[in-house]
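Hi,

Here is the structure I promised to pass on.

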Amino acid sequence: MIGPDAETAGHAQGPGAGGLRKAHRRLPSAAVAIVLICGAVAGAGRWYVARAETAPVVSTQAAKSGSPFRVYATIQELMDSTVDPAADGVWDSVAVISTQAGVEKREPRTPEEWQEVRRHALTLLEAMNLVVMEGRHAAPPGAQPKLGELAPKQIDAMIQANRPAFAAFADDVRNRTLEALAAIDKRDVKALVVAGGNLDQACESCHVTFWYPGSAKPR
């Protein structure tokens with residue numbers, strides 16, 4: 001449940017397995033680079049441009065329920081701190097990078113590199129449990145939506161009214177992450193690329209339903 005924050009400068013073509021997303025990323029001025037990345041973060045670039053500087057607020061709903069769990073961060077804050085970095089770690093692990101110096105094929109090769117990708121996948125997997133916790137708001141108080149997004153209170157209302165659907169989207173992201181984890185454990189780069197594309201689609205499906213429902217459905 002997770003676009004790249006880097007500025008884009010053009011359009012790239014690449015393999016289409018699993019609905020893979022392709023993106024340019026601006027590299028140092030010494031190189032003009034085209035980066036074909038295994039999945040791009042769908043939706044992160046559309047997150048709110050302003051956030052209030054407020055102290056963490058514990059969900060009163062969680063406090064009253066007697067649950068041992070306490071909700072502090074909003075979904076936006078979880079995306080920024082945990083979900084997006086973890087998803088990027090999976091997606092960016094496989095890439096073909098073309099610069100003036102030549103072409104680099106990036107993929108995990110050593111046990112340490114595979115273990116690093118696995119850590120990202122596990123973080124993303126468990127983060128979905130945090131995202132769907134009752135009482136978690138979409139964004140901090142005072143956060144302003146960007147063009148095309150619903151206001152935070154509207155998102156909160158939609159999630160509350162459609163919580164089973166929201167949980168189902170999170171479960172789909174979890175299942176796609178499990179596909180990536182299986183590919184990682186087999187050290188299967190091609191399967192990881194396919195899983196990355198499926199993960200991208202799962203994330204975007206949630207975004208266009210709850211954050212910017214006026215946008216086109218993912219293809």
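**How helices 5 and 6 pack**

Helix 5 and helix 6 are roughly antiparallel to each other, because their angle falls in the class over 145 degrees. Their axes (lines fitted to C-alpha atoms over the stretch in contact, with angles from 0 to 180 degrees between N-to-C directions) come within 8 Å and cross at roughly 170°. Contact here means heavy atoms within 4.5 Å; among the residues making it are Phe 166, Phe 169 and Ile 184 of helix 5 and Leu 192, Leu 199 and Phe 210 of helix 6. By class, that contact has 15 nonpolar, four polar and three charged residues.

**The rest of the chain**

Bear in mind that this is a predicted model, where local features need pLDDT of at least 70, side-chain atom pairs count only at pLDDT 80 or more, and totals for chains, interfaces and linings use all residues. Numbering starts from 1 along each chain as its sequence is written, and side-chain values use heavy atoms, without hydrogens and water.

The chain has six helices and three strands (DSSP runs: H or I of at least four residues, E of at least two), in the order β-α-α-β-β-α-α-α-α from the N terminus. Strand 2 (residues 95–99) and strand 3 (residues 102–106) run antiparallel, joined by five bridges; pairing takes at least two. A hairpin of two residues links them, and Val 96 sits opposite Lys 105.

Of the 219 residues, 41% are buried, meaning under 20% relative accessible area with a 1.4 Å probe, protein chains only.

Cheers

Note on methods:
Buried < 20%, exposed > 50% of the residue type's maximum accessible area, 1.4 Å probe, protein only. Parallel < 35°, antiparallel > 145°, perpendicular 65-115°, else oblique. Nonpolar A, V, L, I, M, F, W, Y, C, P; charged D, E, K, R; others polar.
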